[in-house]
Structures are given as structure tokens and as C-alpha cells.
Amino acid sequence: LFLSPFIAIGLAMIYALLSSLIGRTEITIGLSEVTVFTGLGPVGWRRRCPLSAIQDIRIAATNWQNRNQRNTQIVVETSSGKEIKFGSGLDERRQDYLVEAMRSLVFAPAPPVRRGALSGQR
């Protein structure tokens, strides 16, 4: 019983080490929702958000600092006030690219539907 907290902290540190070395963050933008998976292989956290509820995708400062450098992360904000935060391990250039790519996919206008295309007529 006495060693339980030490074992838990040791396992968390091993997971953090493996996550920084071989972990992955995967963003899936579907027709109706955005899914963010962070973890090792099949083990990790999956956070979902309806596509229609997304208000903003931005880069924000994290709550912790690294000496003289302020770290940043990607934040997906919903209309209900929920925030999905990820990508703090990416450098600034990759964060910028990912935010712009996500914005162009999430906030892009829907393509026009041609009349008659659904019924097979031309």
C-alpha cells in the first residue's frame, strides 16, 4: 500500500517518456465531427467534438513555462466552452501549419450541389 503512489508515478513517467519518443497525435476531420487521438499505439485518449460546434482553432500559451521560453499548444474551442488542447510537443512551424490546415477544412464553405446530380439527370 505504501509503494502504490511511487509505482503509479513511475509508470506515468515511463508512459511520458515513451509518448515523447514514439507517441502520436492524430486528428481526424470527418463529415460530422473532429476526433483528436493522443497516445501510444491503440492506448491513449480520444476526444471528439461535433464539427458544427467548433468556434475557433488557435494557438495559445500553455500553463507551464520552460525556463525563458513560453510553450504553446493548439486549442480547438467549441460553442459550449469546451476546449480540446493538443500539440504542445510540436515546434512553432508545425503548429502554424496544422492550425491553418484544420481551419481550411473545418471552416471551408460546403461545395455547391448541382441540381439534377442527385437524381441522375444532367
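The structure is a predicted model, in which local features need pLDDT of at least 70, side-chain atom pairs count only at pLDDT 80 or more, and totals for chains, interfaces and linings use all residues. Residues are numbered from 1 along each chain as its sequence is written, and side-chain values use heavy atoms, with hydrogens and water left out.

F2 and F6 form a tilted pair, with 5.6 Å centre to centre and 50° between the planes; planes under 30 degrees apart would count as stacked and over 60 as edge-to-face, the rest being tilted. F2 is exposed at 66% relative accessible area, and F6 is exposed at 53% (buried means under 20%, exposed over 50%, partly exposed in between, with a 1.4 Å probe and protein chains only).

The rings of Y15 and W45 lie at 80° with centres 5.7 Å apart, so this pair is edge-to-face. It links distant parts of the chain, 30 residues apart: Y15 sits in helix α1 (residues 4–22) and W45 in strand β3 (residues 43–50). Helices (H or I, at least four residues) and strands (E, at least two) are DSSP runs numbered from the N terminus. Y15 is partly exposed at 24%, whereas W45 is exposed at 53%.

Turning to helix α2, its buried residues are Q95, V99, M102 and V106. These cover an arc of only 70° around the axis, which puts them on the same side of α2; the arc is that of the directions from the helix axis to the C-beta atoms. On the other side of α2, R93, R94, Y97 and L105 are exposed.

How values were computed. Phe/Tyr/Trp six-rings, centres within 6.5 Å; stacked < 30°, edge-to-face > 60°.
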